[in-house]
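Please read it alongside the sequence and the coordinates.

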Amino acid sequence: MANVIVIGAQWGDEGKGKITDLLSRSADVVVRYQGGNNAGHTVVVNDRTFKLHLIPSGILYPKTECIIASGTVIDPKVLLEEVDRLKDLGISTDNLFIAETAHVTMPYHRVLDRASEDQRAEHKIGTTGRGIGPTYADKSERVGIRIIDLMDEKRIAKKLRWAIEQKNIVLQKLYNLEPLDAEAIIAEYRGYADRLRPHVVDASLKIDAAIRERRNILFEGAQGTLLDLDHGTYPYVTSSNPVAGGACIGAGVGPTSIDRVIGVAKAYTTRVGEGPFPTELHDDIGNQIGERGAEFGTTTGRKRRCGWFDGVIGRYAVRINGLDCLAVTKLDVLDDLEEIKVCIAYELDGQVVRDFPSDARAFARAIPIYETLPGWRQSTSECKTVEELPSEAKDYLKFLADLTGTPIAIISLGASRGQTIIVEDPIHGPKRGLLKA
């Protein structure tokens, strides 16, 4: 039995969907513990592409229970659209369960999100406009709507009439926008409640039962370490905690229940939206990486900024999350490069800095210090074992493992399940220092 957390070790979009999908075949339960439909996982199975935003990747395995836990925020409309798309593709969602204590994203959250971002002008954060931040804000202010409220017709009507009255004041007075129709929203969400009702459970209790039954549980988050509300590149962060500690809070389990934490990192680095990015490439190589890696957001379609692998961020992710192994994705994207750079430290105000700076202003001034490694100039996409990789590719991976102080357990060489080298099974395999120099 193993309970494993999968986190993003960069700014999100690291390929967690594929890694979670791979590990889900050994999992009995997959738990989504934070975030909302402001992020997405893309999974490719037998040339079919599945884009998941709220439903855990384990839904593609019929016997795997999938739980959307309390730490998430749920837009019922988006969730049900996702359910319907899966149904059309022949995928059942009978094994989907929703935490009754998860908070609900309402129409006014989406309107406020977009209005607030527009008003920021040059101070934009780069939100998706999906209403996630305002939903978490209401949660913190103790005025949020929860799934359990949605299940009670009288309670939800009363709470929504009050909430929409308050939000309309802000929409009209602050943003000069039209007020929302409370009765129309109440009627709309009553329909969502009827469809969601069979899936609603006490998620923490259900997860605890799985732990006591010694079942394999996989905890998956959205976004990545550097977008964490407390430990990311604030203020250019998300509204929740994607780091490993957030899994315990979001799922409602104690830290002693966790056996392993695996971090997912690209063989290079990408970032979506605003904020500093020391290793960002503004040249033909950056464009080549972006095109070859199909670097466009699953949720928004926005082009991702591309840069070299950042070892300072890598070490920080290991420390913040307690990572005991890494999954390195998209190694094949680097196949055609003559040489590859890796950031090993920063120059900051004339000093060499090897640790991630907490001050965003300092981080924005950081100049990467690179070590250059030779490329392998041949395809890796068909390699099935570590031994089949070009020697330069193996040296590159060993360099990353040594730089971060963390062994590499999984190597992804393409979008499909088969384009993967499993060096070590993080759920069933023993902890081994493979590919660590």
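K154 counts as exposed, because its relative accessibility is 73%, where exposed means over 50% relative accessible area, buried under 20% and partly exposed in between, computed with a 1.4 Å probe on protein chains only. K154 is found in helix 6, and its C-alpha atom is separated by 56 Å from that of L400, which is 246 residues apart from it along the chain. Helices (H or I, at least four residues) and strands (E, at least two) are DSSP runs, numbered from the N terminus.

This is a predicted model, in which local features need pLDDT of at least 70 and side-chain atom pairs count only at pLDDT 80 or more, while totals for chains, interfaces and linings use all residues. Residues are numbered from 1 along each chain as its sequence is written, and side-chain values use heavy atoms, with hydrogens and water left out.

## Domains and nonpolar cores

The protein chain is divided into domain 1 (3–76 + 203–422) and domain 2 (103–198), with bounds that come from an automatic or database domain assignment. Taken over C-alpha atoms, the centres of domain 1 and domain 2 are separated by 30 Å, and the contact between them takes 21 residues from domain 1 and 20 residues from domain 2, contact meaning heavy atoms within 4.5 Å.

The largest nonpolar core has 102 residues, and those with the most contacts inside it are F219, L331, Y396 and I411; a nonpolar core is a set of buried Ala, Val, Leu, Ile, Met, Phe, Trp, Tyr and Cys residues joined through side-chain atoms within 4.5 Å. At least three residues of this core are drawn from each of domain 1 and domain 2. Another core, of 16 residues, lies apart from it and includes V6, I19, A327 and I410.

## Packing of helix 6 and helix 7

Two packed helices are described by the angle between their axes and the distance between the axes. Helix 6 (residues 153–173) and helix 7 (residues 182–196) pack at an angle of about 145 degrees, with their axes 10 Å apart; the axes are lines fitted to C-alpha atoms, for helices over the stretch in contact, and the angles run from 0 to 180 degrees between N-to-C directions.

On the side of helix 6, the residues that meet helix 7 are E153, A157, L160, R161 and I164, and their counterparts in helix 7 are A182, E183, I185, I186 and R190. By class, this contact has 6 nonpolar, no polar and 4 charged residues, with Ala, Val, Leu, Ile, Met, Phe, Trp, Tyr, Cys and Pro counted as nonpolar, Asp, Glu, Lys and Arg as charged, and the others, Gly among them, as polar.

## Helix 9 and strand 2

Helix 9 (residues 244–251) is largely enclosed by the rest of the structure, because 6 of its 8 residues are buried. These buried residues are A244, G246, A247, C248, G250 and A251, and they pack against strand 1 (3–8), strand 2, helix 8 (203–212), strand 10 (217–220), strand 11 (260–266) and helix 11 (311–321). Helix 9 is followed by G252, whose phi is positive, near 80 degrees.

Within strand 2 (residues 29–32) lies V30, which is buried, with a relative accessible area of 0%. Leaving aside neighbours within four places in sequence, V30 is in contact with T20, S24, P56, G58, T64, E65, C66, I67, L218 and E220. The C-alpha atoms of V30 and V4, 26 residues apart along the chain, are separated by 9.6 Å.

## Strand 18

T372 is found in strand 18 and is partly exposed, with a relative accessible area of 41%. Apart from neighbours within four places in sequence, T372 is in contact with E339, I340 and K341. T372 and V342, 30 residues apart in sequence, are 6.4 Å apart in space, C-alpha to C-alpha.

## Backbone geometry in the loops

Most residues other than glycine have a negative phi, and most peptide bonds are trans. A cis peptide bond joins Y234 and P235, with omega about 10 degrees, and P235 is found in the loop between strand 10 and helix 9.

A294 has a positive phi near 50 degrees; it is placed in the loop between helix 10 (284–292) and strand 13 (305–307) and is partly exposed, with a relative accessible area of 48%. Phi of R377 is likewise positive, near 50 degrees, and R377 is found in the loop between strand 18 (367–374) and helix 13 (391–404).
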